Amino acid sequence: MVSPTELRASDALDVLRRVFGYDAFRGFQQEIIDHVVAGGDALVLMPTGGGKSLCYQVPALVRDGVAVVVSPLIALMQDQVDALTAVGVRAGFLNSTQDYAARRTVEQAFVDGALDLLYLAPEALGTRGVQQLLDRGRIGLFAIDEAHCVSQWGHDFRPDYLALSMLHERWPTVPRIALTATATSATRAEIATRLQLTEARHFVASFDRPNIQYRIVPKKEPRKQLLALLRDEHPGDAGIVYCLSRASVDKTAEFLVANGVAALPYHAGLDSGTRAANQQRFLREDGLVMVATIAFGMGIDKPDVRFVAHLDLPKSVEGYYQETGRAGRDGLPSTAWLAYGLQDVVQQRKMIETSDGDLAHRRNLATHLDAMLALCETVRCRRVQLLEYFGQPGTADCGNCDTCLTPPETWDGTVAAQKLLSTVYRLDRERNQRFGAGHCVDILIGKQNDKISQYGHDALSTFGIGTELREAEWRGVVRQLLAEGLLAVEGDYGTLALTEASAEVLARRRTVTMRREPEKVASTRSAKPRGAATVVAELDPAAGSLFERLRAWRGATAKEQGVPAYVIFHDATLRQIATDSPTSLAELSRISGVGENKLAKYGESILTVLADQP
Ligand code: ADP
Ligand code: ZN
């Protein structure tokens, strides 16, 4: 193990190389670390997988004193500490999951200055006991992870974060670094104000995740569509599937299992033991699919999540980007896939309409939903639109999203919009009735059914005037009008209603451009295996078989030590070992991801695996 005094004396780059085994800093890491090591406050906005952890872990080792890391992710603290221990860093945590003895050991280590990093939940910091403990040791730095949790308008608000402004009051000389992957300037301003980070330097990294392919497809039979995606493009890969409701999580997980996919459910309705066990298995085993509500995922730093699929529309672009960002932290190709349809828009608009909270709150929800809908309906490059939303305009079309790969066609939907809006207008006189989108479409295509005859709607002047479009296309028209605010949803039954803007279309003062509903969306990617399978496919046969043997060794070692496989080595590191096939410890030490501690611990075993000709 590298001795702490040796570490303290060394500079940041040296720590990066010797402890973490990496050659160079990425992006703003060096600037951030220099600033914090020198005692400055920092607010860091970096996408998931951008390398935020090192921004406080390296200063923790370079500065005197213990770095106190505030994180809401109690369930992941053990893994974070394990990953640090694996590279020889002295880390511990205090949270409600510990027994008294474990707690005492960590407290004592903190007071003795025998820790480099101490992880705490925000609620712990509010207690007198912990505050007094912190006064007895020497704090080198406060790191506030997932700092967007302080934002009241955000999607992960944690009231305990509001109290973190006291850090500054109680320990005014200790530098603070707040980090988040949520990037809008509004959130950034809110974090700075609420955490009293007024003097902090802001570091805003590019939010692009070039290895993630963004795709938003029309929702038809979502579970079947999902299964096709998994079979064609991600067989055997680890991934996350997000659903809106607990019931749909359970159904989807069952459906996948019945179809031979290794899937587990996760939602707040499961007891905490099952939740923890499923999360544990997802992190530790290779190739599991987690089907979850958004209760799952914050802080999950599994590097080889190959896809994130949404079966329901996320409520905001912030949420969507954070969730999809959990794919491909290791930089290898990954997929963000969303199935989206009319029912999503109706449901979410209805939810906002009937939600508790004041008008300002509902408006805030609607603004967020509108941005998400605009992303779904755009005919532009999805990535360009995402980056613009996060304040990064002017990037070129990416060539790695569905709209770049298969440019959607548009058509002049003004007349269709008028037909639909006049139908809604005619039904408006009977607005106490429940006439949703389906009924309007039936009228337009002239479909005879009980409800139509019961209300005599076949006598309406718009009955049967829309036969030029298929039913699915009409649903697309309704969806796009709802998305653009040219139509609204009212009441518990999702009755369609006109808006002020509808009048402009009806009066021909406004034209409406629509996205054509594709008959069938072809997969934009060849069906070659991805993920672990891709890694092997890209290597020559000899390296490929070496990689498999290294993986088997890693799996066994991880199991023995009770840690996730990636804590031992990442796929990228194993891949390079397999390619370079080093024959000495010195050669092995030059590979990215092999630091001094791991070299000492695993070097000989790896050389044995390499020398062991099967
Ligand atoms: P974030 O917290 O921003 O989501 P992480 O800190 O988990 O990202 O880093 C993402 C991945 O990139 C990790 O696997 C990490 O080890 C790796 N990484 C970070 N910085 C570097 C670097 N300078 N060189 C090589 N790998 C790095
Ligand atoms: Zn694109």
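Predicted model: local features only at pLDDT ≥ 70, side-chain atom pairs only at ≥ 80, totals over all residues.
1. Gln196 sits in the loop between α11 (185–194) and β7 (201–204). Gln196 is not a glycine, yet its phi is positive, at about 50°. With a relative accessibility of 30%, Gln196 counts as partly exposed.

2. Gln196, with its positive phi near 50°, follows α11. Within α11, the residues Thr187, Glu190, Ile191 and Ala192 are buried. What do the buried residues of α11 pack against? Their partners are three strands: β1 (42–45), β6 (176–180) and β7. As a reminder for reading the helix, an α-helix has 3.6 residues a turn, so residues three or four places apart point the same way.

3. Ser581 is not a glycine either, and its phi is positive at about 45°. You will find Ser581 in the loop between α28 (571–580) and α29 (585–589). Its relative accessibility is 30%, so Ser581 counts as partly exposed.

4. On to the metal. Which protein atoms are the donors of the zinc ion (ligand 2)? They are the SG atoms of Cys381, Cys398, Cys401 and Cys404, at 2.3 to 2.4 Å from the ion. Along the chain these donors follow the spacing C-x16-C-x2-C-x2-C. Cys381 lies in the loop between α17 (359–377) and α18 (382–389), while Cys404 lies in helix α19 (residues 402–405), so this pair ties together parts 23 residues apart in sequence.

5. For reference, the ideal angle for four tetrahedral donors is 109.5 degrees.

6. While we are on cysteines, how many disulfides does the structure hold? The count is zero. A disulfide is a covalent bond between the sulfur atoms of two cysteines. Cys376 counts as buried, at 3% relative accessibility.

7. Now the aromatic rings. There are 13 aromatic pairs in the count. One of them joins Tyr214 and Tyr321 and is stacked, with 6.2 Å from centre to centre and 20° between the planes. Tyr214 belongs to strand β8 and Tyr321 to helix α15 (residues 317–324), so the pair ties together parts that are 107 residues apart in sequence. Both partners are inside: Tyr214 is buried, with a relative accessible area of 1%, and Tyr321 counts as buried at 6% relative accessibility.

8. For another pair, take Tyr389 and Phe390. Their ring centres are 5.3 Å apart and their planes stand at 80°, so the pair is edge-to-face. Tyr389 is partly exposed, with a relative accessible area of 29%, and Phe390 is buried, at 8%. One aromatic cluster takes in Phe207, Tyr214, Tyr320, Tyr321, Tyr389 and Phe390.

9. Where is Asn211 placed? Its place is in the loop between β7 and β8 (212–218). Asn211 is buried, with a relative accessible area of 14%. Leaving aside residues up to four places away in sequence, Asn211 touches Gly328, Gly331, Leu332, Pro333, Ser334 and Asn400.

10. Finally, the overall layout. The domain assignment gives domain 1 (4–204), domain 2 (212–405), domain 3 (410–515) and domain 4 (539–611). Taken over C-alpha atoms, the centres of domain 3 and domain 4 are separated by 61 Å.

Conventions: Residues numbered from 1 in each chain as written. Chains lettered and ligands numbered in written order. Heavy atoms only, no water. Donors = N, O, S within 2.8 Å, 3.2 Å for Na, K, Ca; no water. Helix = DSSP H or I, 4+ residues; strand = E, 2+ residues; numbered from the N terminus. Buried < 20%, exposed > 50% of the residue type's maximum accessible area, 1.4 Å probe, protein only. Contact = heavy atoms within 4.5 Å. Domains from an automatic or database assignment. Disulfide = S-S within 2.5 Å. Phe/Tyr/Trp six-rings, centres within 6.5 Å; stacked < 30°, edge-to-face > 60°.
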